[in-house]
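User: Please take a close look at one part of this model, the nonpolar core, and set it in its surroundings in one connected account.

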Amino acid sequence: MDCFGVSSFQNLQALSALLSTRQDDDDDGEETQKNSKDIWSEEEVAEGSQYDDLADPRPQPEYDIILKQRVGTEDLFLGLSGKDPSSMCCESMLVKIKLPDTKATEVVLDVKEKFLDLRTPKYKLGLHLPHPIHSQEGKAQFFSEREELEVTLLLKRSMDFINIQ
C-alpha cells in the first residue's frame, strides 16, 4: 500500500464497484431471458426447419450444387477484374436435382432466402443453401429426357469491388 496513495486506492475501489454492478446488470438480463417461456429465439431457428417432417417416408433425391460466375477474356487471360475461383466471386448457384419417374407437373418448389423446399409424390428435398439468395429472382427448368430439375438462383452478395453489377 505504500506505493499507492489513498486516492489511488479509492479509485480502484470505485472501478471495482463499477465493474461489479455491470456484471450484475448483465446477469439480470440473462435471467429475464431464462424466465421467458420461449425455448428458442427467432434468430436461433434455422430457416426452413418448419418443413422438416421426420414421419415422411419419401426419400431425398440426388442433387448437386454448382456455383457459377461470369468470366470474360479479361478475367481469363489478364486477371484484370480481380476475380478468383473462390465462391466469393460467384454470382449464381445452380442446383441440379435428379427426379427419376417424375413429371414436371408433379413438382412443387418453394425457394426462400436460405432454404429450398422441393416436393413430388415420390421425393422430398429440404435443402439449406450454402449462401443467401434472392428468392424472387431465380428460375427453374425441368429436363424430361434427363429427368432432372435445374434451379438457378442469384446469390445475395454485398457490394464490393468484385461484385459490382
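Analyst: Of the 165 residues in the protein chain, 25% are buried, a class that means under 20% relative accessible area, with exposed meaning over 50% and partly exposed lying in between (1.4 Å probe, protein chains only). This is a predicted model, in which local features need pLDDT of at least 70 and side-chain atom pairs count only at pLDDT 80 or more, while totals for chains, interfaces and linings use all residues. Residues are numbered from 1 along each chain as its sequence is written, and side-chain values use heavy atoms, with hydrogens and water left out.

The chain contains two helices and seven strands, arranged along the sequence as α-β-α-β-β-β-β-β-β; helices (H or I, at least four residues) and strands (E, at least two) are DSSP runs, numbered from the N terminus. Among contacts with a separation of 6 or more, 58% involve residues 24 or more positions apart, where contact means heavy atoms within 4.5 Å.

The largest nonpolar core holds 19 residues, and those with the most contacts inside it are Ile 97, Leu 99, Leu 116, Leu 118, Leu 149 and Leu 153; such a core is a set of buried Ala, Val, Leu, Ile, Met, Phe, Trp, Tyr and Cys residues joined through side-chain atoms within 4.5 Å. At least two residues of this core come from each of strand 2 (92–98), strand 4 (115–119), strand 5 (124–128) and strand 7 (148–154). In soluble globular proteins, nonpolar side chains tend to be buried together. If neighbours within four places in sequence are set aside, the contacts of Leu 116 include Ile 97, Leu 125, Leu 127, Val 151 and Leu 153, but also Asp 110 and Gly 126.

Strand 2 also carries Lys 96, which counts as partly exposed because its relative accessible area is 23%.
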